[in-house]
Amino acid sequence: MEPTEQNSRPRENQEPHGGAAHSELSEELERILALGEQSLDVVKSSAELFKLEFVLAVRSIPKAAASWLLMLPATLLVWLSFSALVAWATFEWSGQALVGFATLFALQLLSLFVLRWALKKYQRNMSFPYTTQSVQQFREELSNATAKKDSAPPP
C-alpha cells in the first residue's frame, strides 16, 4: 500500500467539514449550558435556603435564651428534690432525722465542691496558661541573652 492509498477513503465515509462534527459540538455545548443553568439554580436555591434558615435561627435566639434561663431554676429544683428524696430515704433507713439532714447537707456540699473545682478549671483555661508560659519563657531567654552580652568584655 502506498501512503496516499492508506489515507484516501471513499467520500461517503469521510465526515463533511462542519456537518456532523459541528452538530455534535453544538449538542455538547447545549448540554454544558444546561448543566451550568442547573448548577446556577442549585446555587440560587441553596442561597435562598441559607437565608431563610439564618432568619429562622436569628428569630430562635430569644426563645432559646428564655428556655435556658427557665431551665436554670428548674434544674436547681430538680437537684433539690433529688437531694430531699435521698435525705428522706436515709431518714427512713436509719430512723434518725439528724442522719437525713446530714445526708442533705453532704449532697449540697459535694455539689458545691464539684462546681468550685469546675470553676477553677475553667478560670485556669480562660487565663491563657500556655500563652502566658510561652511569653514568660521568651522574657527569660531575652533577659539571659542581654545579660550575657552585657557581661561579655568589649572587643
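**Note on charges and contacts in a predicted model**

1. Arginine 31 is partly exposed, because its relative accessible area is 49%, where buried means under 20%, exposed over 50% and partly exposed in between, with a 1.4 Å probe and protein chains only. Residues are numbered from 1 along each chain as its sequence is written, and side-chain values use heavy atoms, with hydrogens and water left out. The model is a predicted one, in which local features need pLDDT of at least 70 and side-chain atom pairs count only at pLDDT 80 or more, while totals for chains, interfaces and linings use all residues.

2. Which residue forms a salt bridge with arginine 31? The partner is glutamate 28, and the closest N and O atoms are 2.3 Å apart; a salt bridge here is a side-chain nitrogen of Lys or Arg within 4 Å of a carboxyl oxygen of Asp or Glu. By this rule the count comes to 1 salt bridge. Both arginine 31 and glutamate 28 lie in helix 2, 3 residues apart, about one turn of the helix (helices are DSSP runs of H or I with at least four residues, numbered from the N terminus). Glutamate 28 has 36% relative accessibility and therefore counts as partly exposed.

3. Threonine 90 is also placed in helix 2, which covers residues 20-94, and this threonine 90 is buried, because its relative accessible area is 15%. Leaving aside neighbours within four places in sequence, threonine 90 is in contact with Gly95, Val99, Gly100 and Thr103, contact meaning heavy atoms within 4.5 Å.

4. Lysine 121 belongs to helix 3, residues 97-126, and counts as partly exposed because its relative accessibility is 34%.

Notes: Helices (H or I, at least four residues) and strands (E, at least two) are DSSP runs, numbered from the N terminus.
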